[in-house]
Amino acid sequence: MLKAQYTPSSELLEVIFDEPVPASCTSHSEFVDFMAILDGVRGYKILRHDDQISGFTVPYIAMIEAFAGQLPRGQRLLHEKLRQSFMEMPPAQSEGLQVNFHQKPFDTPERSWNFVLNQGFFCQHIFNRIAWYMAPRHAVVTDYPLHVDVETANTCNMNCPMCYRDQMLDTGQMDYSLFTSIVDQCAAADLYSMRLSWRGEPLSHPRIKEMITYATERIPNVSFLTNAFCLDNDLNRLLIQSKTAYVAVSFDGIGDVYNAIRRPAKFDNSIARLSTLRTDREAAGARRPQIRLSTIWPAVSMDPDAYRVTMTPVSDYMAYNPYINFKGELRIKENFICQFPWERIVVSFAGKAQCCTGWNAGEIILGDVAQTSIRDMWHSPQMEKIRKAHQDGQRMSLVSCADCRHGSEGDRKADIWSIIKRNY
């Protein structure tokens, strides 16, 4: 969403939005409230591009103090410590580290901004994104992860051709008491965002409704990735009442392409499920959950505009992911440094935690959350070893990282029917 830069000599923080704020979004209540506080900070300056707000500069410490009433204690302390780290500004890591390089916008700036604003907690979101960009860029370790992924289930009702699930040795669903203990840890640390999914379909968990309720009562921004096959009126009602921030729906292509990839789902039925969720949300006068669609590029590359036209009415924001061949040749990006060891911790259904979303973890596993706290794992010697390997250009010395597709080149020329035919 943004890029940030801190200058120790002037103590100014510069924030540049990835996309300038459309005029229609500047009247959104979340944006108005944010700007009202920011306007009161001495030394604040708005930045513009083509008469649109493109960012701002502000004395960092004054900004933290001004928003003290909007930030939980843990998030406020995070930024106070972050600023202290930047007083002796660590040099930026090499250009091999590109924050959020894998996310490709596939929508209009207006829908992109409304997607964020309608999730609520915009002040917290801005502070989270500043740390999200700055911490990995300058190899600064925050007191607590900026985000936690919890694999409620890695069981799934689909077997999509581009997925790696058929290569996993273990599958299962998280014990409910383990889940609540993880949420409690994160809530005590004032964690901003949590995702209730990783390698499977979270809605396949028999207690997922209880899990969503428990998490949303304690964490400001809760989301999950789903294929939407199990969405129904009861679940829609729960998502709206619990104010789940958003559901990220994997929706690859339209028509026959979708049907071939997402069996046993049918395109018309899936469209209807998304439409019903939006209708139910609007009938309730609610903004959440927002609906974010993602597709692999080969599924839409033949006619991207057809996908946009068809899917815009049933979504709030759309993005695409480059196609990654999980069984083919691995082409590593030169000098690649992963952002994840400075941003997140991921917990498997069995409680094993690791520093990223890599599905084939070995030596990057940090421990078991039933025995070791997330904070202790975040600051563990193992985590420091992983970070140092990336910083020193020794990423390939870690077997799991050397074989990680996240650091590989996506294949923009891949043909979707060839992918479906060979089933990888």
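Predicted model: local features only at pLDDT ≥ 70, side-chain atom pairs only at ≥ 80, totals over all residues.
Biologist: How many aromatic pairs does the structure hold?

Modeller: The structure holds 21. Rings of Phe, Tyr and Trp (its six-membered ring) pair if their centres lie within 6.5 Å; planes under 30 degrees apart count as stacked, over 60 as edge-to-face, the rest as tilted.

Biologist: Why is the pair of F17 and W113 called edge-to-face?

Modeller: The ring centres of F17 and W113 lie 4.9 Å apart and the planes stand at 85°, so the pair is edge-to-face. The pair links distant parts of the chain. F17 is in strand 2 (residues 12–21) and W113 in helix 4 (residues 109–117), 96 residues apart. Helices (H or I, at least four residues) and strands (E, at least two) are DSSP runs, numbered from the N terminus.

Biologist: Are F17 and W113 buried or exposed?

Modeller: Both are buried. Buried means under 20% relative accessible area, exposed over 50%, partly exposed in between (1.4 Å probe, protein chains only).

Biologist: What makes F106 and W297 an edge-to-face pair?

Modeller: Their centres are 6.3 Å apart and their planes at 85°, so F106 and W297 are edge-to-face. F106 and W297 are 191 residues apart, each in a loop.

Biologist: Why does F106 count as buried? And why W297?

Modeller: F106 has 4% relative accessibility, so F106 counts as buried. W297 has 13%, so W297 counts as buried too.

Biologist: Which residue has R129 over its face?

Modeller: W132; R129 lies 4.4 Å from the ring centre. A charge sits over a ring if NZ of Lys or CZ of Arg is within 6 Å of the ring centre and within 35 degrees of the ring normal. The charged end of R344 sits over the ring of F340, 4.7 Å from its centre.

Biologist: How do you know that the radius of gyration agrees with a compact globule?

Modeller: With 424 residues, a compact globule would have a radius near 22 Å; the protein chain has 21 Å, which agrees. The radius is taken over C-alpha atoms, and the globule rule is 2.2 Å times the number of residues to the power 0.38.

Biologist: What percentage of the 424 residues counts as buried?

Modeller: In the protein chain, 55% do.

Technical notes:
Residues numbered from 1 in each chain as written. Heavy atoms only, no water.
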